[in-house]
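Here are my notes for a first look. Keep the model open while you read, and go through the points in order.

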Amino acid sequence: MITNPAIDEYVSGLVPPRSPLLQRLEKEARAEGIPIVQLPAAQVMRSYLLLHRPKHILEVGTAIGYSTIWLAEAAPQAKIVTMDIDEERLQRARANLSEAGVADRVEVLFKDATTGLPDSFRFDCLFIDAAKGQYRSFLDLYLPLLNPGGMVLTDNVLFRGLVATPEEAGKRLRPMVDKLIGFNRYLVQQPELETAFIPVGDGLAVSFKKR
């Protein structure tokens with residue numbers, strides 16, 4: 001936890017009721033250990049999307065489509081491209097997107113996000129929530145496809161608070177934590193981005209591409 005657990009529970013309880021589908025996916029994710037965006041962070045993202053009103057969104061990391069549904073509901077005017085390398089989860093995501101009634105606005109790609117997309121793809125919003133050790137690669141690949149004035153949302157950037165105390169990460173997690181520390185520095189050094197870090201959920205970075 002990156003915040004006081006009691007505060008996190010309190011804030012989560014203030015998030016407006018979700019659809020039965022989203023609540024079911026939250027239970028499935030907990031039971032199966034599937035990483036999904038935490039409720040307080042999802043609500044912050046929703047607020048930014050309502051303000052920004054993107055027309056084209058790229059999501060890196062689909063999993064079972066939980067965050068994709070949040071994106072689609074917060075930006076009903078947007079077309080979404082989402083990608084993942086787990087084919088089984090993508091099948092579940094497609095079914096969940098159909099159940100949510102947003103499948104007609106979402107293009108689901110079975111694809112390794114480190115291979116990039118053609119330059120013809122252009123987006124107003126980029127959401128990064130996949131392999132954390134590859135965040136820098138994702139930013140390098142997809143920032144050029146983001147329109148000026150576009151928004152980048154990056155989840156898990158504080159990763160359990162371990163970016164502040166990497167010595168507590170342990171041998172297994174330390175390499176990934178070190179990469180996240182490097183990514184966060186790299187993100188704020190991007191001359192074309194203005195970035196803020198929000199200690200909500202597992203840490204959310206919100207960046208805007210300068211016009």
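How many aromatic pairs does a search of the whole structure find?

1. The search finds five. Rings of Phe, Tyr and Trp (its six-membered ring) pair if their centres lie within 6.5 Å; planes under 30 degrees apart are stacked, over 60 edge-to-face, and the rest tilted. One of the pairs is Y48 with F208, a tilted one with 6.4 Å centre to centre and 50° between the planes. This pair joins distant parts of the chain, since Y48 sits in helix α3 and F208 in strand β7, 160 residues apart. Helices (H or I, at least four residues) and strands (E, at least two) are DSSP runs, numbered from the N terminus.

2. Before going on, a word on the source: this is a predicted model, where local features need pLDDT of at least 70 and side-chain atom pairs count only at pLDDT 80 or more, while totals for chains, interfaces and linings use all residues. Residues are numbered from 1 along each chain as its sequence is written, and side-chain values use heavy atoms, with hydrogens and water left out.

3. Buried means under 20%, exposed over 50%, and partly exposed in between (1.4 Å probe, protein chains only).

4. Now look at Y135 and F183. Their ring centres are 5.4 Å apart with the planes at 75°, so this pair is edge-to-face. Y135 belongs to helix α6 (residues 135-142) and F183 to helix α7, 48 residues apart. Y135 is buried at 0% relative accessibility, and F183 is buried too, at 2%. Ring pairs also bring in F138, giving a cluster of Y135, F138 and F183.

5. The largest nonpolar core has 36 residues, and M45, L49, I57, Y66, W70, L71 and L153 touch the most other members. Such a core is a set of buried Ala, Val, Leu, Ile, Met, Phe, Trp, Tyr and Cys residues joined through side-chain atoms within 4.5 Å. Elements that each supply at least two residues include α2 (20-32), α3 (39-52), β5 (146-155) and β7 (204-209). The largest share, six residues, comes from α4. As for Y66, its contacts (heavy atoms within 4.5 Å) include L22, L25, I36 and L39, not counting residues up to four places away in sequence. A second, separate core of 33 residues includes Y135, L139, V152 and L158.

6. Check R105, in the loop between α5 and β3. R105 is buried yet has no salt bridge, and the nearest side chain of opposite charge, D104, is 4.9 Å away. A salt bridge would need a side-chain nitrogen of Lys or Arg within 4 Å of a carboxyl oxygen of Asp or Glu. For charge, Lys and Arg count as positive and Asp and Glu as negative; His and the chain ends are not counted.

7. The loop between β5 and α7 holds both N156 and A164. N156 counts as buried at 10% relative accessibility, whereas A164 counts as exposed at 64%. Among the residues N156 touches, not counting those up to four places away in sequence, are D129, Y135, L180 and D202.

8. Lastly, β6 (residues 193-198) and β7 pair in the antiparallel sense over six bridges; pairing takes at least two DSSP bridges. T195 stands opposite S207 in β7. Five residues lie between the strands of this hairpin, where G201 takes a positive phi near 60°.
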